Protein chains: 2
Amino acid sequence: LVICDHSFFSTKTKQQEIVLSFKQGKYFNKGVGTRDYNPKQMAIREKVFNTIISCFKRHGAETIDTPVFELKETLTGKYGEDSKLIYDLKDQGGELLSLRYDLTVPFARYLAMNKITNIKRYHIAKVYRRDNPAMTRGRYREFYQCDFDIAGQYDAMIPDAECLKIVYEILSQLDLGDFRIKVNDRRILDGMFAVCGVPDDKFRTICSTVDKLDKMPWEDVKKEMVNEKGLSEEAADQIGEYVSMQGGMDLAERLLQDQKMSQSKQACAGLSDIKLLFSYLQLFQVTDKVVFDLSLARGLDYYTGIIYEAVLSQAGVAPVSTEAQNGPPGEESVSVGSVAGGGRYDGLVGMFDPKGRKVPCVGVSIGIERIFSIMEQKAEASAEKVRTTEVQVMVASAQKNLLEERLKLVTELWNAGIKAEVMYKKNPKLLSQLQHCEESGIPLVAILGEQELKDGVVKLRVVATREEVDICRADLIEEVRRRTSDAS
Amino acid sequence: LVICDHSFFSTKTKQQEIVLSFKQGKYFNKGVGTRDYNPKQMAIREKVFNTIISCFKRHGAETIDTPVFELKETLTGKYGEDSKLIYDLKDQGGELLSLRYDLTVPFARYLAMNKITNIKRYHIAKVYRRDNPAMTRGRYREFYQCDFDIAGQYDAMIPDAECLKIVYEILSQLDLGDFRIKVNDRRILDGMFAVCGVPDDKFRTICSTVDKLDKMPWEDVKKEMVNEKGLSEEAADQIGEYVSMQGGMDLAERLLQDQKMSQSKQACAGLSDIKLLFSYLQLFQVTDKVVFDLSLARGLDYYTGIIYEAVLSQAGVAPVSTEAQNGPPGEESVSVGSVAGGGRYDGLVGMFDPKGRKVPCVGVSIGIERIFSIMEQKAEASAEKVRTTEVQVMVASAQKNLLEERLKLVTELWNAGIKAEVMYKKNPKLLSQLQHCEESGIPLVAILGEQELKDGVVKLRVVATREEVDICRADLIEEVRRRTSDAS
């Protein structure tokens, strides 16, 4: 039993097999499509979260939290074809509930429900997807999203530019290697489809095919357009020309002059906004990583304007095993190395308001699971040991019958706010106490013995150097603080 | 539609009513039995979590995380009668899953699965209960638990005493008013039942009745024992005598001499451990709040030794409205003012090990939802405003056409790690920029104008005092840091 193809076994036999494999203590989580985080993974996770949260706070975001489940109806009709991946709760009496699929729809529901017309908020929480077996390999069904969104009626492209600035800051600070942020606009895509002769009712499905360009060569994408989606070869070729274009503000300017493209009002509106966006990005000093890329086509229905996605350059990414490829990076499907995504969705809040009042929104979702994987690999590769606790000092003794004295001393330390441990044994061996320090990276040991008690001192041992020095008991707390000031 | 009696309406009509009320933007969450946290509540929540987490870290705990759902089978048979409150996921193909009911059972599953024989870990996460309508009033179906557990084969009562020390530290630091920690032992309860003549097969059900003593007078408890549970009046009276006893180490010593009680080996083992526990609690300096209370009888099946529960003294608790009474405090039912609970469960891990290998465990769960409520009430009552962001400075301007200059300056500040905001308008009014600062507690405003730009300065305004001073642009970052050093 390796990673299970979930939806394909609902027979009793297969379930028994999982329960069996669980009882053998193996693969349990793989079977369920989720994972536990062990203390080492949690230490890395905490570090990543701290970087992300301080960035969100630096930009003045508040935070909210919403329940893990929503009314099923709240999620219906928001995710297009992917709706089949929503986890429903069993009908045990009461209303029908589903596990949240992302944080964007609950956010929109929250805004509408509380009649909030402007807010800048972040939300870090787990979301749930019953991932398609074919896609399941290596993906988790429970994974974190870190979302930052700005809701409110503001002047064009200012909040949008800040979202990109935030992606830039986070990816730089996490030190994941080189990256690019691709930018496009839903209106440019739609305008492009229109001027290339795609029938109106095929915009969405052709858009989904364009979305595969980061995983498939153009030839295959074209084949899908023509053979499966019934597009004319001519239209496909015209699209092919546009979606190969990449650039900056200059490209937007050129396309505004483009004979065909300029015929679409929608496209022109999008292109003007791209120009404006780039002018703000220059002020934010992030244009070195941002590319206007006409092949970017994020799948979700609710985007209405600018869209973006950050990808790590292959050079910067360690080879990711199937196992380590976790949840989606942003709100939808993954391209290799994709670590953040988002865009503008001006219509979503209105879907939850009884009077349809719109609240314009733009946001970004950081693909944290992939970042965890990369950080974990880096930690594995590095010589530096990941500490899973922050203990500053271990209270130990070399002699028997000193449990009470150890408990007294550790109490003094705790009461002074020092992170301290004591072994839960009456008479632990000194060696096992020192070994525990080595293993868990505790830098100091406060050793008590008959002589030390008599002299009113504590023998302070530096684990790394084995240096030992007698410290007057009254000075111990200050000394521990002084020696561990960066760890505390 | 007030708080809904969940299990009693599964008809289409009632569902429509909820959806309707949701569309009206009201009571949505009450209907589902969950709640959103707004930014103010989140700010309070963050503060409480920080206090609790630093205590857990001070005691050397690592942290782990487990998925929100487990195999249904993992939860089966662990919660006695309360199993009916477990939320199941819909069978959409694949194995049967349930939302976790507490963090203790997933912890035990994690230990067995990974063959971990000793660990000190904390886990803060949400758990789920389809609470019984009669109990639902004011309870949430999604709520946080903050668990600290010590697993491992150690000398008696040392880890147990540390759990109580932790409860003591957290409740003291949160400043919730006076509290007591009641302690008892499952073995003392069982021994007491035996010597009072309760038949073996009635221990659990009589124990559940004793558990109601914090909500019902003894007369009613006795009636339930005699009339509903079929206990003899004599046996009930004998129990009544014991469960009225409270004390410290002295009470344990007296009961060890008690003619009847001393006949039970189990009770004697429990009483000796209580004595030992109190000796460690003295060294930990927490005996002033700990009471050995024979009426304490926590309901969960898995406890095997010491049990405890912390209650706030009524004086310390503001009157809690029905609305504010949130999730259970510990792992089971609430008594008024109960904010933490736990105990020893030496058999649970073995239930998940294929060879039944036991890992002794003791732990405590902090009833965080109730603590949130109290902190929220305190915040409401206090004159001090709760800030929901940490923004140090707002970049503003009094004149038109300075958007670019504002964006440049805010970029300088962000890049230097200053928490800063700028309004997303081309030409915002100075008044509205200042108002935003007043409302969200931003202490400083950096004002740009033509003159300032010419002079190479920024006008720094202190929001509280309206004092304004010109700062050389090169010194602005240092000046902002200096003036907001406690806020950053």
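In helix H11 (residues 233-243) of chain B, the buried residues are Ala235(B), Ala236(B), Gln238(B), Ile239(B), Gly240(B), Tyr242(B) and Val243(B), buried meaning under 20% relative accessible area with a 1.4 Å probe and protein chains only. The model is predicted, and local features need pLDDT of at least 70, while side-chain atom pairs count only at pLDDT 80 or more. Residues are numbered from 1 along each chain, and chains are lettered from A in the order in which they are written.

Between the chains, the axes of helix H16 (residues 403-415) of chain A and helix H7 (residues 158-174) of chain B come within 13 Å and cross at roughly 20°, the axes being lines fitted to C-alpha atoms over the stretch in contact. H16(A) and H7(B) are therefore roughly parallel to each other, a term for angles under 35 degrees. Their contact (heavy atoms within 4.5 Å) is made by Leu403(A), Leu407(A), Thr411(A), Trp414(A) and Asn415(A) of H16(A) and by Ile158(B), Glu162(B), Lys165(B) and Glu169(B) of H7(B).

Chain B is superposed on chain A by a rotation of 180° with 0.0 Å of shift along its axis (RMSD 0.1 Å), on the C-alpha atoms of residues with pLDDT of at least 70 in both. The two copies are thus related as by a two-fold rotation axis. Of the interface residues of chain B, 100% are also interface residues in chain A, so the copies meet through the same surface.

Methods:
Side-chain values use heavy atoms; hydrogens and water are left out. Axes are lines fitted to C-alpha atoms, for helices over the stretch in contact, and angles run from 0 to 180 degrees between N-to-C directions. Helices (H or I, at least four residues) and strands (E, at least two) are DSSP runs, numbered from the N terminus. Angles under 35 degrees count as roughly parallel, over 145 as roughly antiparallel, 65 to 115 as roughly perpendicular and the rest as oblique. Buried means under 20% relative accessible area, exposed over 50%, partly exposed in between (1.4 Å probe, protein chains only).
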